[in-house]
Amino acid sequence: NFTEAMDGDNLTLLSGFILLGFSDAPELQTTIFTISLSLYILMALGNLVMILLINTDPQLHSPMYFFLTHLSFIDFCLSSTVIPKALETFLLGRSHISLLGCFAQIFFFLALVISECFLLGVMAYDRYVAVCQPLFYTTTMSRERCYSMVVLVYTTGFLSSLVHTVLAGRLSFCQDRSINHFFCELPTLLQLSCSDAHTNEIFQVSDAVLIDGGSFLIILISYTYIIHTILQIPLARSRLKAFSTCTSHLAVITIFYMPGMLTYFQPHKAHSQDQTKLVSACYALLTPTLNPVIYSLRNTEVKGAMRRLWVRKLVP
């Protein structure tokens, strides 16, 4: 258990875990640290600027950008839950994380990943209403309904994560507390358990099917109707304009779901640890960094808001 120890060294070990990071490739540690730090800075700047733009520019005060604000907020918090500690691990080769710190990482990381998954489904529904039912968009996506959807997104994410964390907290762990990862990810932590983690694995798969699968189903149904509606538009130029409002969201969905499915829809023994680390790095750092870039480069309204913000800073 967590309180028993044979000596001072064991007490330190049993008070938490050792994150190994990419210690099997020590020659790459400096490179990994530099790349990760650079991406983290870009992620923070990109998402904070996106939040600033949407909240200060009246032309971006619409449901789509309201949800995008929360996407940027979740991405920023998601990376900040993991990357600062990971940078220490990359720099030192390995690092110690307390028991409380490890379970805090698990709780907030899972809560934010699940919330983002559900938010992408809500954003798909928003695009469905905008393209397929434009005359009812204002009433369907009212301010009150948008706030209710966001509350549901966070409630689902944090309650689901709480169950995962409580179930993991009931486990006992072996003498070896070395986590072959750069943060406390739940599937990796389950591998260290000396007790039966069957219940945890069942809930993990069930949660993935119900929440991740449910959100993906909402996205699939929404875009099936969207594509059907767009194909019925007679003018090619109008079809392209209608579809262009969805391309950024589709790109974000692609880069979010691919690594997430590779990790959580497989048993934790079905793939190598190196693959797990790379996949985790995608949705812990790469995806949050790319999301604001995708929306800023492909969205004329966001680029216009950037120009207006730049002019306001130059012209008092």
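Predicted model: local features only at pLDDT ≥ 70, side-chain atom pairs only at ≥ 80, totals over all residues.
The unreviewed UniProt entry lists residues 32-53, 65-83, 103-125, 146-167, 208-228, 240-258 and 278-297 under "transmembrane region". Two of these spans can be checked against the model. Residues 32-53 are 100% helix and 0% strand, with end C-alpha atoms 31 Å apart. Residues 208-228 are likewise 100% helix and 0% strand, and here the end C-alpha atoms lie 28 Å apart.

The crossing of α4 past α8 is left-handed. On the α4 side, the residues in contact include Ile-114, Phe-118, Gly-121, Tyr-125 and Arg-127; on the α8 side they include Asp-207, Ile-211, Asp-212, Ser-215 and Tyr-223. By class, this contact holds 16 nonpolar, 4 polar and 3 charged residues.

A second pair consists of α3 (residues 63-92) and α6 (residues 143-169). Their axes come within 11 Å and cross at roughly 25 degrees, so α3 and α6 are also roughly parallel to each other. In this case α3 passes α6 in a right-handed crossing. Helix α3 contributes Pro-63, Phe-66, Phe-67, His-70, Phe-73 and Ile-74 to the contact, while α6 contributes Cys-146, Tyr-147, Met-149, Val-150 and Tyr-154. The contact of α3 with α6 comprises 10 nonpolar residues, 1 polar residue and no charged residues.

How values were computed: Residues numbered from 1 in each chain as written. Heavy atoms only, no water. UniProt positions renumbered as here; feature names shortened; annotations may be inferred. Helix = DSSP H or I, 4+ residues; strand = E, 2+ residues; numbered from the N terminus. Left-handed = near helix turned anticlockwise from the far one by under 90°. Contact = heavy atoms within 4.5 Å. Nonpolar A, V, L, I, M, F, W, Y, C, P; charged D, E, K, R; others polar. Axes fitted to C-alpha atoms, helices over the stretch in contact; angles between N-to-C directions. Parallel < 35°, antiparallel > 145°, perpendicular 65-115°, else oblique.
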